[in-house]
Amino acid sequence: MVGEGPESIAAEDFAQVEAGLWLEGPVAVADWAWLERSWQAPAAFWKALHGQWERRQPGVTKSAPSRHYDFHHDLIGRQRDSTTPALACFESGAWQTWSYAELGAAVEGLAARWEQAGVEAGDILAILHPPGPRWLVSVLAGLRLGLVVSVLPPQGPAFVQRRLENLAPRWLALEPLWLRRLPESWRDSALPDEAVATAPTRRSHVYAGTDVVALCFDPASATPDVPRPLDADGLYLGALRDGFLALGVRPGSFCAAPGWHFLESQPGMALAVLLCGGCWVEIELAEVEQNPARLLEQPITVLGVSLELREVLRKQPPQGVKPWRYWFRHPAESQDLSSWTEFVTGLGLEDCYAGNLLWNTALGGALLFSVRRKGAAHPETVPAAAACWQLGAVAAPELPALGGSGRLCLGQRGGKEIVWTPAPYLLTRNRGGWLHLGQYPKGRVGRTYPVQEVLDVLAGRVAYSALVEMPTGVGDPLQVLLVFGEAADEESLRTRIAGEMGREFLPDRIEHLKLLPRRDEEGKADPAWCQAHYPTGELHRRQRDPVYQALSELKRALLALDG
């Protein structure tokens with residue numbers, strides 16, 4: 001389809017590539033020859049893709065793949081028709097829409113005010129705005145000035161403070177109300193929140209391909225509180241590829257993903273939409289829960305459907321013509337295929353195309369994408385185009401997987417050697433593509449559950465606590481909070497966790513055990529002992545045994561004497 005060798009990929013081939021991603025029905029087979037060539041010759045792929053982008057959206061670009069990038073110009077400045085919508089946001093009970101010209105003016109005004117405040121290229125900027133237009137305008141203003149941007153949802157003081165300490169930003173973009181919730185040491189880092197009517201004196205910043213442009217918190221990593229650097233190559237090229245191939249965005253397309261995990265998807269998903277000339281639609285899941293018809297008030301053609309959004313729409317199907325040409329879901333939420341099939345039939349989506357996207361901005365964007373099958377939810381995925389990847393052994397990813405299943409490892413080309421970094425995603429061969437099998441180590445819906453962070457916010461409120469995983473047989477394990485000794489009010493514990501960390505980290509179950517646990521070297525409940533004895537029912541058996549009851553009372557008395 002694209003010539004004899006990998007170097008023959010050309011811009012004109014992408015019309016066939018894109019057309020081949022739209023399949024009629026559940027049995028049509030995709031041709032992945034071009035994808036394999038992109039893995040073999042990524043430089044040729046990026047050059048051809050960038051050429052197709054220039055053909056589709058005529059205008060002068062200031063970026064060159066793998067060399068340098070002017071994000072501000074290519075995202076906003078080069079749009080030929082600046083009156084087309086760039087951002088639609090539902091807040092305060094109404095829709096607000098910004099054209100590319102209006103969004104550009106807002107970005108210029110905020111960047112000019114920050115320039116007056118003393119920001120310099122290379123400074124780290126933490127953006128703590130809640131859902132709405134301000135977080136995206138702040139990202140674009142940061143890119144305009146050459147900052148290293150990091151988005152951080154303000155979902156709880158403990159959650160935010162821990163990540164700020166690891167990020168060590170020079171500047172903060174946030175609302176005054178949130179600034180008062182942070183320690184005073186951050187007060188001098190807060191940037192002005194109001195724009196001015198002038199433009200910055202400096203030209204739009206041009207990043208070298210290897211410059212770090214973003215520091216991203218990866219909720220699927222083993223250390224979700226530690227930021228990962230993302231260079232300009234990764235952010236720009238990932239957004240360009242994902243806008244074309246993962247999202248299928250064309251100039252004028254409207255894209256929304258209410259309920260999609262913010263740290264997984266942003267800012268990469270919104271930038272992918274803008275780079276391809278589309279309109280990013282910002283609406284919170286809570287607003288859709290109140291009135292699902294909100295999704296029909298904008299001409300949304302590409303819709304991300306989280307598990308929560310699916311359930312909202314199944315319970316309250318919006319009435320009317322649905323403009324969604326393509327809807328996608330997270331592979332980690334795809335196990336119950338029958339429920340997704342019911343979703344398609346219940347909402348009358350037989351003429352809409354369905355696909356799968358595993359998006360991780362920290363690792364460069366949509367790591368897994370899929371064909372789009374008309375009227376059929378399906379589990380298929382393939383690794384991203386031009387990715388350097390291999391399958392590693394699950395527990396020892398530095399070793400190659402010997403069969404057709406393993407752990408996704410991403411490579412960084414440096415000279416003759418490739419450095420492999422394991423991702424937590426498990427894949428297996430299927431019908432010429434791949435199936436997403438889950439996460440290793442297991443977490444919650446493809447993300448890491450921050451055990452120590454949750455326990456830290458309970459310090460001083462319970463004497464001994466531990467978090468253990470309870471296998472369910474199918475899907476993710478349950479996260480069970482064990483509270484030992486004196487009884488604690490369960491509702492107050494839930495309120496504490498939700499307030500300090502966010503509701504997404506509430507445990508699935510809280511169990512109170514009167515017995516005292518084995519203690520570790522720090523005097524806390526031994527996590528390995530708790531994990532070994534709770535799922536088997538041993539802790540409950542010991543709680544009913546008079547011998548262990550007596551031993552626990554003796555231990556309590558001895559600890560009181562030591563205290």
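These notebook entries record what I looked up about strands in this predicted model.

**Conventions.** I number residues from 1 along each chain as its sequence is written, and I leave hydrogens and water out, since side-chain values use heavy atoms. In this predicted model, local features need pLDDT of at least 70 and side-chain atom pairs count only at pLDDT 80 or more, while totals for chains, interfaces and linings use all residues.

**Entry 1: strand 23.** I took strands as DSSP runs of E with at least two residues, numbered from the N terminus.

Entry 2: I counted two strands as paired if DSSP finds at least two bridges between them. Strand 19 (residues 380-383) pairs with strand 23 in the antiparallel sense over two bridges. Strand 22 (residues 417-430) also pairs with strand 23 in the antiparallel sense, over six bridges. I noted Leu435 in both pairings: Glu380 stands opposite Leu435, and Thr428 stands opposite Leu435 as well.

**Entry 3: the hairpin.** I saw that two residues lie between strand 22 and strand 23, and that Arg431 takes a positive phi near 50° in this hairpin.

Entry 4: I traced nine strands with mixed pairing in the order 1-18-15-14-13-11-12-3-4. Strand 1 (22-23) and strand 4 (94-99) stand at the edges with a single partner strand each, so one side of each has no neighbour in the sheet. Ala256 stands opposite Val281 in strand 12.

Definitions and conventions. Helix = DSSP H or I, 4+ residues; strand = E, 2+ residues; numbered from the N terminus.
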